[in-house]
Amino acid sequence: MTRIDPIPVREWPTEMRGALAAMVPPEPRYATPPTKDRPKGLNVLGIYAHHPVLARAFFTFNGHIMMATSLTLRQRELIVLRVATLRNCAYEWAQHVVMGRDIGLTDEEITRVAEGPDADGWDAADSALLRAMDDLVRDGRISDASWKVLSGEFDTRQLMDLIFTAGAYETLAWLIRSFDVQLDADLADVSPKPDHMTP
């Protein structure tokens, strides 16, 4: 049972059109993620429809993360999937399993994200990236050990994008879990899913 019901698409306020348009940054580095035959995430968008002004502001920020980040798409998806795991956010996880596959992550890699930075198979940079997510979610600060590796791999802009990506999806997980946003039917059966994660 949801705490706040999403507004159905046909009832969205007209301001949602402008909010959605704000997702496309002025200077994208990456193409708009594919939407054909992909889950639409209408339940979470229906929550944003309650507050189109906030939606526009967040979508502008999220558009940078999705299409203008200085990180690689693979790095972005590793970050989001790890935050979703740590926050037990099945909605965020399912959406980004689909997006991760679209940019080339394998199901084995996706499963390994849930296992964490010490799972067999990560190189030092990937392990440090995932460990930094653990640091940020747990302590609100990247540890010295993680920083030592990441600062040798990433420049200042990339480090900023890393932190802001984690923060954006941490905030989104708070919204989804606090409002008890239910998985859309087209997200409900997306796997692999971590054993501990509940819808």
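A pocket is an open set of grid points where a 1.4 Å probe fits, with protein on both sides within 12 Å along at least five of seven lines. In this predicted model, the largest pocket holds about 770 Å³ of space. Its lining comprises 29 residues, and those closest to the centre of the pocket are Met 23, Lys 40, Leu 45, Gln 95 and Met 99.

The helices α2 (42-48), α3 (52-68), α5 (90-102) and α9 (156-178) each contribute at least two residues to this lining. The largest share comes from α3, which supplies 6 residues.

The largest nonpolar core contains 56 residues, among which Tyr 48, Leu 150 and Leu 162 touch the most other members. Two or more residues of this core come from each of α1 (15-21), α2, α3, α4 (73-86), α5, α6 (107-115), α7 (124-139) and α9. The greatest contribution is that of α9, with 8 residues. When neighbours within four places in sequence are set aside, Tyr 48 is in contact with Met 16, Ala 55, Phe 58, Phe 59, Leu 172 and Leu 175.

Glu 77 belongs to helix α4. Its relative accessible area is 0%, and Glu 77 is therefore classed as buried, the cut-off being under 20%. The side chain of Glu 77 forms a polar contact of 2.8 Å with the side chain of Arg 76. Apart from neighbours within four places in sequence, Glu 77 is in contact with His 96, Met 99, Gly 100, Ile 103 and Leu 105.

Note on methods:
Residues are numbered from 1 along each chain as its sequence is written. This is a predicted model: local features need pLDDT of at least 70, side-chain atom pairs count only at pLDDT 80 or more; totals for chains, interfaces and linings use all residues. Side-chain values use heavy atoms; hydrogens and water are left out. On a 1 Å grid over the protein atoms alone, a cavity is a set of points where a 1.4 Å probe fits but cannot get out, and a pocket is an open set with protein on both sides within 12 Å along at least five of seven lines; lining residues have an atom within 4 Å of a point. Grid points are joined across faces, edges and corners, and a volume is the space filled by probe spheres set on the points. Helices (H or I, at least four residues) and strands (E, at least two) are DSSP runs, numbered from the N terminus. A nonpolar core is a set of buried Ala, Val, Leu, Ile, Met, Phe, Trp, Tyr and Cys residues joined through side-chain atoms within 4.5 Å. Buried means under 20% relative accessible area, exposed over 50%, partly exposed in between (1.4 Å probe, protein chains only). Contact means heavy atoms within 4.5 Å. A polar contact is a pair of N or O atoms within 3.5 Å; within protein, one must be able to donate a hydrogen and the other to accept it, and residues adjacent in sequence count only if both atoms are side-chain atoms.
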